[in-house]
Amino acid sequence: MHFSIPETETRAGDGGAAAYVAYNIHVNGVLHCRVRYSQLLGLHEQLRKEYGANVVPAFPPKKIFTLTPAEVEQRREQLEKYMQAVRQDPTLGGSETFNSFLRKAQQETQQIPTEEVVLEVLLSNGQKVKVTILTSDQTEDVLEAVASKLDLPDDLVGYFSLFLVRQTKDGAFSFVRKLQEFELPYVSVTSLHNPEFQIILRKSYWDSAYDDDVMEHRVGLNLLYAQTVSDIEHGWILVNKEQHRQLKSLQEKVSKKEFIRLAQTLKYYGYLKFDPCVTDFPEKGCHVVVSAGNNELNFQVRLPNEQIKEGSFKVTRMRCWRVTSSVPMSNGPSGSSPGKSEVKLELAFEYLMSKDRLQWVTITSPQVELSAWWAGDGCEGRGWAGPCVGRGKTVGCMEPRDTSPLQAIMLSICLQSMVDELMVKKSGGSIRKVRVGAGRWLWGGIPTWPCDFLWSGLGPECSPRDGASYKPQMLGTLWLS
């Protein structure tokens, strides 16, 4: 999970107050919240009070006079490094102080008051579960509310997660991201102002061996069965005619466990399938459909001669990966509303092709238009007082019309979750969660923290990613050696 502050924004103060600089905090390349320097300073002071000055990283100093553009840029870089350092620290990054700050900032940015609402959460079979929550409820609270509504046992909640998805015209879902502990699900989905975006409950593990745990309980079995049927119907799992006949027979008999057992033997069971992208492997400009599952990325590549080639890249043979963004600079006049630009996200990983031969493989999401977040009136009337200024780009308060470029982000998240699951398994633990305190869980007796890791895919080891550095416009790197 990568935090960045790629741009700043000059905004008008409330009630005629002087304009101020807002820092736009992005998580995995997507805007999460806008905050002032004073708000981040307050977070810093609270962390120092709770954990001590020796634990909390250094914070950019106050300035007496108004900052020049160069000083604003310098402070942006310093604040970004600070947020990254806090997030990567096992104690600070998993603290309720840090996560609650981000949740509150997200709610204030979207100007959504705390009140009781009904939130619809989809199941894989299209059924909607309505839960009564507060707009300020975090992801964990909403997940528990859904589990309670379904009578899912507490010890199985950890096998499932909430995902933000976008429904396509054929009824399938394009996965945007997994909802995190520092965000508010209601705010995250409603702030997109598009009914195509929804929240869905889906299993959150990759190893099908965990299916046995889930199928022990009736509700877990029903959820897993519904997801499996949906994946088959949408073509995510490959089924030939004979297998289809057998599955249909088991469906008619309502033999859910036997249905799942058969599905487990089929190709791409448990995989997430992504929309077409472009790759440079085996040669530049090849169109590819990527599926993530079974601790690998599967490529179905269409070569320039229209021939289809298939291959897989195991996560245990990856040394590192990174996500980078590309947004051209806007040439609009200062103070004007942002117009349209093109955004392109790219996932690249370094792979051990053979002994002593590492090679970078790149997956590029299609370019899509970005338009002003507030449709119809741009940013006027919402406190907009000037353009966002960032690393060679102007993006304003904009959100993607399409989720295609976010696939690089989701692929990166899939890779990291595969690594996390492998590490838990290697340590002799399980993904069965048991709450031991606010904001903290045990996975099979092993403390887990929301931090990034150094991972050697060629010989697993794990440690906090201290001192990580990022190139301009790089959204995140996970090193595997």
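This is a predicted model: local features need pLDDT of at least 70, side-chain atom pairs count only at pLDDT 80 or more; totals for chains, interfaces and linings use all residues.
Five strands form an open sheet in the order S5-S4-S8-S6-S7. The pairing within this sheet is mixed. S5 and strand S7, residues 173–178, stand at the edges. Each of these two has a single partner strand, so one side of each is left without a neighbour in the sheet. From one strand to the next, the twist averages 45°.

Strand S4 covers residues 116–122, and strand S5 covers residues 128–134. They pair in the antiparallel sense, over seven bridges. S4 and S5 form a hairpin, with five residues between the strands. Within that hairpin, Gly-126 takes a positive phi near 90°.

S4 also pairs with strand S8, residues 197–203. Here the strands run parallel, and two bridges join them. Val-121 has Ile-199 as its bridge partner in S8. Leu-122 stands opposite Ile-200 in S8.

Helix H12 spans residues 407–426 and lies across S6 and S7. H12 runs at about 60° to S7.

Next come two pairs of helices. Two packed helices are described by the angle between their axes and the distance between the axes. In the pair of helix H2 (residues 69–88) and helix H4 (residues 96–110), the axes come within 10 Å. They cross at roughly 130°. H2 and H4 are therefore oblique to each other. The crossing of H2 past H4 is left-handed. On the H2 side, the contact is made by Met-83, Val-86 and Arg-87. On the H4 side, Phe-98, Asn-99 and Leu-102 take part. By class, the residues of this contact of H2 with H4 are four nonpolar, one polar and one charged.

The second pair is helix H10, residues 241–252, and H11. Their axes come within 8 Å and cross at roughly 160°. That angle makes H10 roughly antiparallel to H11, because the cut-off for this class is over 145 degrees. H10 passes H11 in a left-handed crossing. From H10, the residues in contact are Gln-243, Gln-246, Leu-247, Leu-250 and Gln-251. They meet Glu-258, Phe-259, Leu-262 and Ala-263 in H11. The contact of H10 with H11 has five nonpolar, three polar and one charged residues.

Follow the chain on from H11. Gly-270 lies in the loop between helix H11 (256–264) and strand S9 (272–273). Is Gly-270 buried or exposed? At 13% relative accessibility, Gly-270 counts as buried, because the limit for buried is under 20%. Leaving aside residues up to four places away in sequence, Gly-270 touches Lys-203, Trp-206, Ala-292 and Gly-293. Gly-293 is 23 residues from Gly-270 along the chain, and their C-alpha atoms are separated by 6.1 Å.

Some loop residues deserve a look at their backbone. Most residues other than glycine have a negative phi, and most peptide bonds are trans. The peptide bond from Phe-281 to Pro-282 is cis, with omega near 5°. Pro-282 is found in the loop between strand S10 (277–279) and strand S11 (286–293).

Asn-295 has a positive phi, near 60°. Asn-295 sits in the loop between S11 and strand S12, residues 296–302. The relative accessible area of Asn-295 is 22%, so Asn-295 is partly exposed. Glu-306 has a positive phi too, near 75°. The loop that holds Glu-306 runs between S12 and strand S13, residues 308–314.

Terms used. Residues are numbered from 1 along each chain as its sequence is written. Side-chain values use heavy atoms; hydrogens and water are left out. Two strands pair if DSSP finds at least two bridges between them. Helices (H or I, at least four residues) and strands (E, at least two) are DSSP runs, numbered from the N terminus. Buried means under 20% relative accessible area, exposed over 50%, partly exposed in between (1.4 Å probe, protein chains only). Contact means heavy atoms within 4.5 Å. Axes are lines fitted to C-alpha atoms, for helices over the stretch in contact, and angles run from 0 to 180 degrees between N-to-C directions. Angles under 35 degrees count as roughly parallel, over 145 as roughly antiparallel, 65 to 115 as roughly perpendicular and the rest as oblique. A crossing is left-handed if the near helix is turned anticlockwise from the far one by less than a right angle, and right-handed if clockwise. Ala, Val, Leu, Ile, Met, Phe, Trp, Tyr, Cys and Pro count as nonpolar, Asp, Glu, Lys and Arg as charged, and the others, Gly among them, as polar.
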